[in-house]
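Please open the structure in your viewer and keep the selection tool at hand. The stops below say what to select next and what is there.

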Amino acid sequence: MANPLADCVSSLRSSNHLLSNSISILDSGVNDFPRLAKVLQTTKHFELLPSSALSAAQSRLLSSLTPEFNNLLSRVETHLDRLERREQNLIARCELLEGRLSMSGEDAEAFGKRAGGRKSIAAEGDGSREALRLKQLRAKKERLGYAVERLGLQAQQRERQLRLSVAAQ
């Protein structure tokens, strides 16, 4: 009876040894499973889209950006028009001031010549009251002349602005 049981024990030991070898192999496989899952995991670097989805996205982007571009362009055009009008106003003002300077230089020379000739007459005349009145009248005449010249230049400037605004429309 010892013999048949000895064969049974040896068979059980070999089965037990085979089972422990299988468990150790499975343990090593299971322990390596997270690394294997990461290695076998596929990563999409580029995603292919159908052309219809791409064109739809492009049209949505275009429809959202077009109003913004138009708004910015209109603001730039408005600002450029404003700067152009300002430039024209500054040019006209410069011409006006140059005209005043050139006229004041000529008038001062002419006034000096006329006043020098008339001073001797006024000194010989009735008195200083008439000379003072004459001097005031000349100053008033000169101021009125400047005012007339300024108004003429302003009228020319307004005509230019009107022509520019009509041409812009």
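Contact here means heavy atoms within 4.5 Å. This is a predicted model, in which local features need pLDDT of at least 70 and side-chain atom pairs count only at pLDDT 80 or more, while totals for chains, interfaces and linings use all residues. Residues are numbered from 1 along each chain as its sequence is written, and side-chain values use heavy atoms, with hydrogens and water left out.

The accessible surface, from the Shrake-Rupley method with a 1.4 Å probe and, for residues, with only the protein chains shown counting as cover, comes to about 15,100 Å², of which 60% belongs to carbon and sulfur atoms. Buried residues (under 20% relative accessible area, with exposed over 50% and partly exposed in between, for a 1.4 Å probe and protein chains only) make up 4% of the 169 residues.

Next, select Gln 157, which sits in helix H4 (residues 128-168). Gln 157 counts as buried because its relative accessibility is 19%, and, leaving aside neighbours within four places in sequence, Gln 157 is in contact with Asn 89 and Ala 92.

Now select Arg 160 and Glu 95, which form a salt bridge whose closest N and O atoms are 3.5 Å apart; the term requires a side-chain nitrogen of Lys or Arg within 4 Å of a carboxyl oxygen of Asp or Glu. Arg 160 lies in helix H4 and Glu 95 in helix H3, so the pair ties together parts that are 65 residues apart in sequence. Arg 160 is partly exposed at 26% relative accessibility, and Glu 95 is also partly exposed, at 40%. A search of the whole structure finds one salt bridge.

Finish with two surface patches, made of residues with over 30% relative accessible area and no salt bridge, like charges being joined within 9 Å and nonpolar side chains (Val, Leu, Ile, Met, Phe, Trp, Tyr) within 5 Å. Phe 69 belongs to helix H3 and is partly exposed, with a relative accessible area of 49%.

Then select Glu 77, Asp 81, Glu 84 and Glu 87, which form a negative surface patch; Lys and Arg count as positive and Asp and Glu as negative, with His and the chain ends not counted, and the place of a charge is NZ of Lys, CZ of Arg, CG of Asp or CD of Glu. Glu 84 is in helix H3 (residues 51-124) and counts as partly exposed at 42% relative accessibility.

Note on methods: Helices (H or I, at least four residues) and strands (E, at least two) are DSSP runs, numbered from the N terminus.
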